Amino acid sequence: MRKPAVTSVPIATLMAERWSPRAYDESAVVTPEQVRALLEAARWAPSFGNTQPARYLVGVRGTPAFDAILATLNSGNRAWAHRASLLLIGVLVTANEKGDVPYAEYGLGLASENLVLQAVELGLIAHQMAGFSPDAARAAFSLPDHAVPKVAIAIGKPAAPDVLEEDWRIEREKAERVRLPLEEFAFGDQWGKPAL
């Protein structure tokens, strides 16, 4: 199911096609080459001073790592994410040999956006989630103190919305994508005064 963004001017297809579906094809496989491409895209994201604070815990369906990541998700996310082909947890590294890493959260965000745009390029779908337990991830993967789990990501191939079973989940999947208008998003001379 496609839900391209309705924009005021054309934007890059990868960005227009990216959205966060929850209906995954549980029989689909993400190949090792696709996993590598996703992670390479994330690896080449910009970061402050080339500090590269992003790291990923990677679980391919059918592996203990997938099960461990799935177990960290809240029940609402587990209800659909178990069908994904790949689960990841984005982790930010807050310190390195030089000391604290500035803008680490921003760096992980940039890397994760690269990753999900690469998913679109590969014909995959991706959904980023805040609904998981960082403490459970830390324990399951023996993370050091300077590694902070920040986001879970499901990746796979799309399925029809009815795989979600519950009417409210199906309707949410089909709902139109909505964003603030540019007039409420970009300001010029002062806060609240539209730039465009």
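Me: What percentage of the 196 residues of the chain count as buried?
Reply: The figure is 38%. Buried means under 20% relative accessible area, exposed over 50%, and partly exposed in between, with a 1.4 Å probe and protein chains only. This is a predicted model: local features need pLDDT of at least 70, side-chain atom pairs count only at pLDDT 80 or more, and totals for chains, interfaces and linings use all residues. Residues are numbered from 1 along each chain as its sequence is written, and side-chain values use heavy atoms, with hydrogens and water left out.

Me: How many helices and strands does the chain have?
Reply: Seven helices and six strands. Both are DSSP runs numbered from the N terminus: helices are H or I with at least four residues, strands are E with at least two. From the N terminus on, the order is α-α-β-α-α-β-β-β-α-β-α-β-α. The radius of gyration is 18 Å, close to the 16 Å that the globule rule gives for 196 residues, so the chain is as compact as a globular protein of that length. That radius is taken over C-alpha atoms, and the rule is 2.2 Å times the number of residues to the power 0.38. Along its principal axes, the C-alpha trace spans about 50 × 50 × 30 Å.

Me: What share of the contacts with a separation of 6 or more joins residues 24 or more positions apart?
Reply: That share is 73%. Contact means heavy atoms within 4.5 Å.

Me: Which residues have the most contacts inside the largest nonpolar core?
Reply: Start with the general idea. In soluble globular proteins, nonpolar side chains tend to be buried together. A nonpolar core here is a set of buried Ala, Val, Leu, Ile, Met, Phe, Trp, Tyr and Cys residues joined through side-chain atoms within 4.5 Å. The largest has 23 residues, and L73, W80, L87, I89 and A154 have the most contacts inside it. At least two of its residues come from each of α3 (64–72), α4, β2 (86–93), β5 (125–129) and β6 (147–156). A second, separate core of 22 residues includes Y56, L115, A119 and A126.

Me: Which residues does W80 touch?
Reply: Residues up to four places away in sequence are not counted. W80 then touches P21, R22, Y24, H127, M129, A154, L164 and R169.

Me: Where is R22, and what surrounds it?
Reply: R22 sits in the loop between α1 (13–17) and α2 (32–43). Its contacts, not counting residues up to four places away in sequence, are W80, H127, L164, R172 and E173. R22 is buried yet has no salt bridge. The nearest side chain of opposite charge, E173, is 4.7 Å away. For charge, Lys and Arg count as positive and Asp and Glu as negative, while His and the chain ends are not counted. A salt bridge needs a side-chain nitrogen of Lys or Arg within 4 Å of a carboxyl oxygen of Asp or Glu.

Me: E173 belongs to α7. Which residues of α7 are buried?
Reply: In α7 (residues 167–174), R169, I170 and E173 are buried. Seen down the axis of α7, they fall within an arc of 100 degrees, so they line one face of the helix. The arc is that of the directions from the helix axis to the C-beta atoms. These buried residues pack against α4 (75–81).

Me: Is R18 buried or exposed?
Reply: R18 counts as buried, at 16% relative accessibility. R18 also lies in the loop between α1 and α2. Leaving aside neighbours within four places in sequence, R18 is in contact with E113, V116, L117, V120, R177 and R179.

Me: How many salt bridges does a search of the whole structure find?
Reply: Side chains of opposite charge can pair when their charged atoms come close. The search finds five salt bridges. One of them joins E17 and R2 (2.3 Å, N to O). E17 lies in helix α1 and R2 in the segment before α1, so the pair ties together parts 15 residues apart in sequence. Another joins E105 and K150 (3.7 Å, N to O). E105 lies in helix α5 (residues 104–121) and K150 in strand β6, so this pair ties together parts 45 residues apart in sequence. E105 is exposed at 51%, and K150 is partly exposed at 39%.

Me: What is the phi of N50, and where does N50 lie?
Reply: Most residues other than glycine have a negative phi. Phi of N50 is near 55 degrees, a positive value. N50 lies in the loop between α2 and β1 (54–60). At 56% relative accessibility, N50 counts as exposed. E165 also has a positive phi, near 70 degrees. E165 lies in the loop between β6 and α7 and is exposed, with a relative accessible area of 62%.
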